[in-house]
Amino acid sequence: MDSSLASWLVVAIALAAANLPFLTERVFGFIPLKSSTASDGTARTKSFPLRLLELIVLYFVVGFLARTLESRIGGVFAQNWEFYAVTGCLFLVLAFPGFVLRYLRKKRG
């Protein structure tokens, strides 16, 4: 796999992973919540702290995938705290469309 394709693959996976907590009510996209309905019969939703925890875990999963792809292409570069600060902020920016759809979009009907 060439480096350009690997880079775009990581960006596409990061975009999907960053929006996943906000687009589905299942944890990590496939684990249903313990109780699918609340006591009053309405559907149960994930809490915001759970979504943030899921976002942090997915950040590290994408980072591990990126590091694995980098090691297959060539040498792995050592990273300082600045790298993780920038990529963490980038991951939050990539999550913005899902956040807008979940919390800021006006519900009609």
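This note walks through the main features of the structure, point by point.

1. **Basis.** This is a predicted model, in which local features need pLDDT of at least 70, side-chain atom pairs count only at pLDDT 80 or more, and totals for chains, interfaces and linings use all residues. Residues are numbered from 1 along each chain as its sequence is written, and side-chain values use heavy atoms, with hydrogens and water left out.

2. **Overall fold.** The protein chain has four helices and zero strands. Its pattern along the sequence is α-α-α-α. Helices (H or I, at least four residues) and strands (E, at least two) are DSSP runs, numbered from the N terminus. Of the 109 residues, 20% count as buried. Buried means under 20% relative accessible area, exposed over 50%, and partly exposed in between (1.4 Å probe, protein chains only).

3. **Contacts and surface.** A contact means heavy atoms within 4.5 Å. Among contacts between residues at least 6 apart in sequence, 71% join residues at least 24 apart. The accessible surface of the protein chain is about 8,000 Å², and 69% of that belongs to carbon and sulfur atoms. Accessible areas come from the Shrake-Rupley method with a 1.4 Å probe; for residues, only the protein chains shown count as cover.

4. **Helix α1.** This helix has 21 residues and reaches 30 Å from its first C-alpha to its last, close to the 30 Å expected at 1.5 Å a residue. The expected span is 1.5 Å times one less than the number of residues. Buried residues in α1 are A6, V10, A14, A17, A18, N19, P21 and F22. Their cover includes α2, α3 (81-94) and α4.

5. **Aromatic pairs.** The structure holds eight aromatic pairs. Rings of Phe, Tyr and Trp (its six-membered ring) pair if their centres lie within 6.5 Å; planes under 30 degrees apart count as stacked, over 60 as edge-to-face and the rest as tilted. Take F22 and F99: their ring centres are 5.9 Å apart and their planes stand at 90°, so the pair is edge-to-face. This pair links distant parts of the chain, with F22 in helix α1 (residues 3-23) and F99 in helix α4 (residues 96-104), 77 residues apart. F22 is buried at 4% relative accessibility. F99 is partly exposed at 26%.

6. F48 lies in helix α2 (residues 48-73) and Y103 in helix α4, so the pair ties together parts 55 residues apart in sequence. F48 is partly exposed, with a relative accessible area of 36%. Y103 is partly exposed too, at 35%. One aromatic cluster is formed by F22, F48, F99 and Y103.

7. **Nonpolar patch.** F48, L52, F96, Y103 and L104 make a nonpolar surface patch of about 470 Å². Patches are made of residues with over 30% relative accessible area and no salt bridge: like charges are joined within 9 Å, nonpolar side chains (Val, Leu, Ile, Met, Phe, Trp, Tyr) within 5 Å. The elements giving two or more residues to this patch are α2 and α4. Helix α4 gives the most, with three residues. L104, in helix α4, is exposed at 55% relative accessibility.

8. **Salt bridges at E25.** A salt bridge is a side-chain nitrogen of Lys or Arg within 4 Å of a carboxyl oxygen of Asp or Glu. The count comes to three. R51 bridges to E25, with the closest N and O atoms 3.0 Å apart. R51 lies in helix α2 and E25 in the loop between α1 and α2, so the pair ties together parts 26 residues apart in sequence. R51 is buried at 1%, while E25 is partly exposed at 23%. R102 also meets E25 in a salt bridge (3.0 Å, N to O). R102 lies in helix α4, so this pair ties together parts 77 residues apart.

9. **K46 and E54.** These side chains meet in a salt bridge (2.6 Å, N to O). K46 is buried at 4% relative accessibility, and E54 is buried at 1%. Shared partners join E25, R51 and R102 into one salt-bridge network. E54 sits in helix α2. Not counting residues up to four places away in sequence, E54 touches P21, R26, V27, F28, G29 and K46.

10. **A backbone detail.** F28 has a positive phi of about 60° although it is not a glycine. Most residues other than glycine have a negative phi. F28 lies in the loop between α1 and α2 and is partly exposed at 26% relative accessibility.
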